[in-house]
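User: I am new to this structure. Could you take me through it, one question at a time?

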Amino acid sequence: MSALDILLVILRIAFGAFVPLSFVAVLVWMERRGAGYFQDRSGPNRCNVLGFRAGGLIQNIADAVKLIFKEDIVPGHIKHKLYFILAPTLVFITAILSFAMVPFADTLVLNGKEYIMQAIPADLGILWFLAVVGFGVYGIILAGWSSHNKYGVLGGLRAAAQVISYEIPMGLALVSLLTIYSTVNLSEMARFQGQLLFGFIPMWGVFLQPLGVIIFIVAAFAETNRTPFDLAEGESEIVAGFHVEYSSMKFALFFMGEYVAMFVSSALIVTLYFGSYQIPWFSTETLVNHSKPVVFLLMLAMPVAAYFFNIWMKKNNRSQYERPNDPRVFEAQVYAAVIWSIVIFIEIIFLGFLIFSSGAGGARILVALLQIACFLFKTFLMCFVYIWVRWTLPRFRYDQLQRLGWQRLLPLALLNIFITSAVVVSLA
Amino acid sequence: MSAKVKTIERKGRTFLEHLYLVEVFKGMAVTFGHFFRNLMDNRRLYVRHYPEVKPEIPARWRGRHRLTTHEDGTVKCVACFMCQTNCPSNCIMIEAGERTDGRSEKLPVRFDIDLLECIYCGYCVEACPMDAIRMDTGIFSVTSYDRESMMIGLEDLLTTPAGCSEEEYQKGGC
């Protein structure tokens with residue numbers, strides 16, 4: 001193994017482990033501020049370090065400090081302390097592990113060697129995801145059962161029944177997807193979606209499987225226990241469901257597990273149906289061959305984007321009441337300086353690339369970075385949809401949930417398989 | 001019995017509504033409209049920036065208590081114990097003393113209100129025959145770091161100014 005191999009292994013594993021974790025912070029922030037904006041209020045925006053609020057992101061630090069320093073209670077009535085402590089770790093570990101097979105950029109070719117851009121470069125793909133995510137619900141059931149609490153058991157039971165009834169439509173939606181892609185490997189699926197349909201539509205799963213994408217997204221919402229399917233938690237009916245007895249970092253693990261699961265299922269929806277890391281109409285080879293015009297366009301686009309972002313920030317990042325020498329105006333000026341210096345830094349790197357780049361290696365790394373950015377952006381948008389749905393739709397009643405799962409989604413998924421197979425066979 | 005039968009029109013039975021998805025997207029469009037409007041311009045949030053911008057307190061608001069005085073500065077209270085007797089939460093403690101200014105026979109030498117016990121019902125104000133205790137200070141946020149300072153005495157009650165003018169208070173008709 002050369003030094004480059006080792007470096008890339010470390011980079012990929014770091015990406016697979018730390019990107020979901022840092023997305024937890026972003027998602028909690030997005031959830032709280034987003035909820036505020038959806039409901040015409042402002043959300044947590046007061047926490048600051050030396051007057052710097054970072055748009056409310058500092059609140060996450062305060063939350064983390066609170067959760068770490070809270071008393072870690074194991075209630076006296078709990079008989080199986082091991083299971084009680086094991087449950088949140090199970091939820092968290094499975095949530096993070098399920099990201100391991102998701103590709104975040106096209107296979108990187110450096111010095112004639114291929115590096116598959118997944119945290120674990122194996123071919124299991126979607127099977128790994130199904131296996132690990134299915135295991136995640138064990139943590140919830142275990143938490144509910146070992147809490148020795150009515151609400152906890154109810155929450156755990158609901159989660160179990162829900163996962164059973166929604167894994168089936170999810171699996172069936174995947175079956176019709178697999179007949180199209182004819183592979184379980186997520187990297188190959190992503191490469192398949194780089195083609196064009198009829199020469200002008202990107203061949204994304206969402207265009208090939210319009211019914212399947214709805215079934216899969218609904219089932220993915222149910223899998224991650226998010227509204228409208230958050231019956232396992234159901235704070236208005238069973239207090240907090242499975243994590244009612246948990247406090248401090250054990251609760252935080254559930255909390256982070258939920259958000260990591262949300263990130264991973266968004267990443268998977270993007271990978272399966274929304275073209276993964278593919279930038280529409282620009283395949284990897286096109287980008288590598290035309291790297292210099294692409295870089296030039298980026299150099300033009302970045303200052304424009306930064307300019308409009310600054311206008312938006314100047315308008316919104318100030319106190320909305322009479323205040324002499326508003327410190328938030330100064331804050332916005334500091335942010336603007338930071339943003340412009342980042343833009344200038346990247347421009348210099350791009351300029352260096354334009355002047356000095358000769359081989360394909362630099363271009364390939366650049367394209368990989370672009371694709372990572374595209375993948376993260378798509379995932380971010382999908383996470384936003386999760387939050388958007390949560391603050392729009394009310395929770396389902398339990399019988400409605402089961403009826404939707406078994407009487408609507410299951411027949412629809414079967415119909416989808418039938419249509420897809422018919423089309424695939426007739427085209428073959 | 002059969003006179004008032006009201007037939008309610010049931011909604012949500014059409015095919016499109018049974019599909020759910022159309023209605024879900026309609027609802028999501030509504031919430032996204034709010035989100036986008038607020039994101040573009042956060043002045044439009046329906047939010048009062050509270051500690052800096054205080055709410056407007058009307059004259060009828062039952063805030064923290066105060067004791068009123070005559071024009072010459074002597075206390076109106078005659079220590080009749082009406083408020084203390086009426087108080088449902090037993091938060092008023094009065095100690096009467098002899099009065100020498102000739103207005104009446106008694107005056108309070110101690111007048112303590114335990115603000116932790118008080119439920120702000122306003123019965124003391126209604127019971128007072130001398131219009132000596134009022135809740136017109138407009139103080140709505142009674143907070144403290146310890147229990148002791150939540151016990152306010154004669155001094156505090158007499159020095160707290162009114163939150164509204166006399167005419168406004170009379171118009172409010174408490």
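This is a predicted model: local features need pLDDT of at least 70, side-chain atom pairs count only at pLDDT 80 or more; totals for chains, interfaces and linings use all residues.

User: In what order do the three strands of the open sheet in chain B lie?

Analyst: The pairing in this sheet of chain B is antiparallel. Strands S2 (92-98) and S5 (151-152) of chain B each have a single partner strand, so they stand at the edges, and one side of each has no neighbour in the sheet. The order is S2-S3-S5.

User: How many nonpolar residues are on the side of chain B that touches chain A?

Analyst: Chain A brings 16 residues to the contact, and chain B brings 19. On the chain B side, six are polar and three are charged. The nonpolar residues number 10.

User: What is the radius of gyration of chain A?

Analyst: Chain A has 428 residues. A compact globule with 428 residues would have a radius near 22 Å, so the value for chain A agrees with that. Along the principal axes, its C-alpha atoms fill a box of roughly 75 × 70 × 45 Å. The radius of gyration of chain A is 23 Å.

User: What share of the contacts in chain A with a separation of 6 or more joins residues 24 or more positions apart?

Analyst: Chain A comes to 14 helices and four strands. Buried residues make up 39% of its 428 residues. Of the contacts with a separation of 6 or more, the share from residues 24 or more positions apart is 77%.

Notes: Residues are numbered from 1 along each chain as its sequence is written. Chains are lettered from A and ligands numbered from 1 in the order in which they are written. Two strands pair if DSSP finds at least two bridges between them. Helices (H or I, at least four residues) and strands (E, at least two) are DSSP runs, numbered from the N terminus. Two residues are in contact if their C-beta atoms, placed from the backbone, lie within 7 Å. Ala, Val, Leu, Ile, Met, Phe, Trp, Tyr, Cys and Pro count as nonpolar, Asp, Glu, Lys and Arg as charged, and the others, Gly among them, as polar. The radius of gyration is taken over C-alpha atoms; the globule rule is 2.2 Å times the number of residues to the power 0.38. A residue is buried if 20 or more other C-beta atoms lie within 10 Å of its own, exposed if 12 or fewer, and partly exposed in between; C-beta atoms are placed from the backbone.
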